[in-house]
Amino acid sequence: MSPPIRRPAAGYDAGVNALPARLAASLVFLASGAVLVLEIVGLRLVAPYVGVTLQTSTAVIGIALAAIAYGAWLGGWLADRVDPHRLIAGALLLGAATTAFVPLVTRWAGEWLRGSAAAGVILLAGLALFAPAALLSAVTPLVIKVQLSNLDETGSVVGRLSATGTLGAITATFATGFFLVAAFPSTGIILGLSALLAVVGLALGAYLSRRVIVTAVVIGLCGAGQSVFAPNPCDVETAYSCARIEVDPARPTGRTLWLNSVRHSYVDLDDPRYLEFEYARTIGSVLDVVAPAGATVDTLHLGGGGLTLPGYLAATRPGSRSRVLEVDGKLLDLDATALRVPRGLDRRVGDARVEIGREPADTWDLVVGDAFGHLVVPWHLATREMAAEVRRVLRPTGIYALNVIDVGAGRFVRAEAATLATVFAYTAVVAPPQALAGRGPSVNYVLLGSDAPLPDGALRARLGDRNPTVTIVAARAFAGSARPLTDDFAPVDQLLPG
């Protein structure tokens, strides 16, 4: 029999009704850990709609912290007014129910807020995560109130349970980042967490009062069912992105690879020589100039995407050596099953900044930079130190071709042009004239760097044949007074318009 439940009153001694110490610690450990699971997986759930940027990460972390603060306050406020024994199980069950709704809310609200700027990113994160995180954060102060027996023990009780909650958060962070995300889809993680919280909440409710909060269970089951059948924007959910492949209705053999909310690559399954995107045609033109028909070229690709350019190289320059450094192994698996992997392509899974450090010096004729986190080159791949690594692995006449996205005044691409100009003797920028003038919508720029004179004349002629909408200018003049990016200063997300 459980001890009788009493409402707080004058002379109320919480220690009489204290939970077993291990049970109290386990509840705090679970609730705190669950919030961190929600935070990490929540970032992955919102990414297909608003991308993976510093703003997205900031919004998710900020909403999680706000929910923790509000939940801790609310739990403490309620604990002083209602017998906390009556609330702990309910908080867990309601936390389980709202957790079950997270995928559903994210997907429906995400379609509405797709591509939003800062305010929309914060709103989406708040709609998805605030309620469950706040409810679960209320558990710790409720448990603390139950465990307090006298003022002389307040410090040790609060300190012990607070440390336990922090340990739960740390454990959940490592378990989610290193194991759960790699082993299970995000929806599965969320629904599994919801089920665990529901089971613990029901067991605790039975232990404390022999009563079950049926409403929370029904809501949770409905949320789980709705989440399972809610629209899923991913064909494959990798450790880094939500990936899907769409058939081009105007070209039956054409396939577009989407990563999160961005159209990343285009591949024609029957004709790898076909280059749909403007930047791909530009880099293809560089390949054509570097290695005229019949010649071969050794090319290192930083970022794989849909393997469009490795496919073009294999089709137009048979016998060329081509290596891809791609951090996302599951994306390469998707390429192999749904797109086209060029014969003889050397695919290596790993971060390009790390992997390029393992490359011998003077090895490659061309290095192609085409790695993105949402719309921006990952900051550690955009710095002077990274450019120096590229220069090290290039042969004396080799060329670095870097794909960059920017808009309007082009603050980021100008900073990147200034960066390459500090490393390479000869640099250039290829883009539409209006973009080079600082006008127009978001476009791709291709930056070129080499220690040998660039083949400007041959490249202009080739671009005129296949890509007449772009022109080539000197990178140093284009950069103007922009500050080069370094490992110590690379605010790439802030340089892009919000």
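This dialogue goes through a pair of packed helices and then a sheet in a predicted model.

Trainee: What should I keep in mind about the model and its numbering?

Mentor: The model is predicted, so local features need pLDDT of at least 70 and side-chain atom pairs count only at pLDDT 80 or more, while totals for chains, interfaces and linings use all residues. Residues are numbered from 1 along each chain as its sequence is written, and side-chain values use heavy atoms, with hydrogens and water left out.

Trainee: How are two packed helices described, and at what angle do helix 1 and helix 7 cross?

Mentor: Two packed helices are described by the angle between their axes and the distance between those axes. Helices (H or I, at least four residues) and strands (E, at least two) are DSSP runs numbered from the N terminus, and axes are lines fitted to C-alpha atoms, for helices over the stretch in contact, with angles from 0 to 180 degrees between N-to-C directions. Here the axes of helix 1 (residues 21-50) and helix 7 (residues 154-183) come within 7 Å and cross at roughly 40 degrees. That makes helix 1 oblique to helix 7, since angles under 35 degrees count as roughly parallel, over 145 as roughly antiparallel, 65 to 115 as roughly perpendicular and the rest as oblique.

Trainee: Which residues of helix 1 and helix 7 meet?

Mentor: Contact means heavy atoms within 4.5 Å; among the residues that meet are Phe29, Gly33 and Arg44 in helix 1 and Leu161, Gly165 and Thr176 in helix 7. The residues of this contact divide into 13 nonpolar, eight polar and one charged, where Ala, Val, Leu, Ile, Met, Phe, Trp, Tyr, Cys and Pro count as nonpolar, Asp, Glu, Lys and Arg as charged, and the others, Gly among them, as polar.

Trainee: In what order do the eight strands of the open sheet lie?

Mentor: Two strands pair if DSSP finds at least two bridges between them, and the eight strands form an open sheet in the order 7-6-5-8-9-11-10-12, with mixed pairing. Strand 7 (346-349) and strand 12 (471-474) stand at the edges, each with a single partner strand, so one side of each is left without a neighbour in the sheet. Strand 5 (residues 299-302) and strand 6 run parallel, joined by four bridges, whereas strand 10 (residues 426-431) and strand 11 (residues 443-450) run antiparallel, joined by five bridges.

Trainee: Is strand 6 buried or exposed?

Mentor: Five of the five residues of strand 6 (residues 322-326) are buried (under 20% relative accessible area, with a 1.4 Å probe and protein chains only), so strand 6 is largely enclosed by the rest of the structure. Ser322, Val324 and Glu326 point one way from strand 6, and Arg323 and Leu325 the other way.

Methods
Buried < 20%, exposed > 50% of the residue type's maximum accessible area, 1.4 Å probe, protein only.
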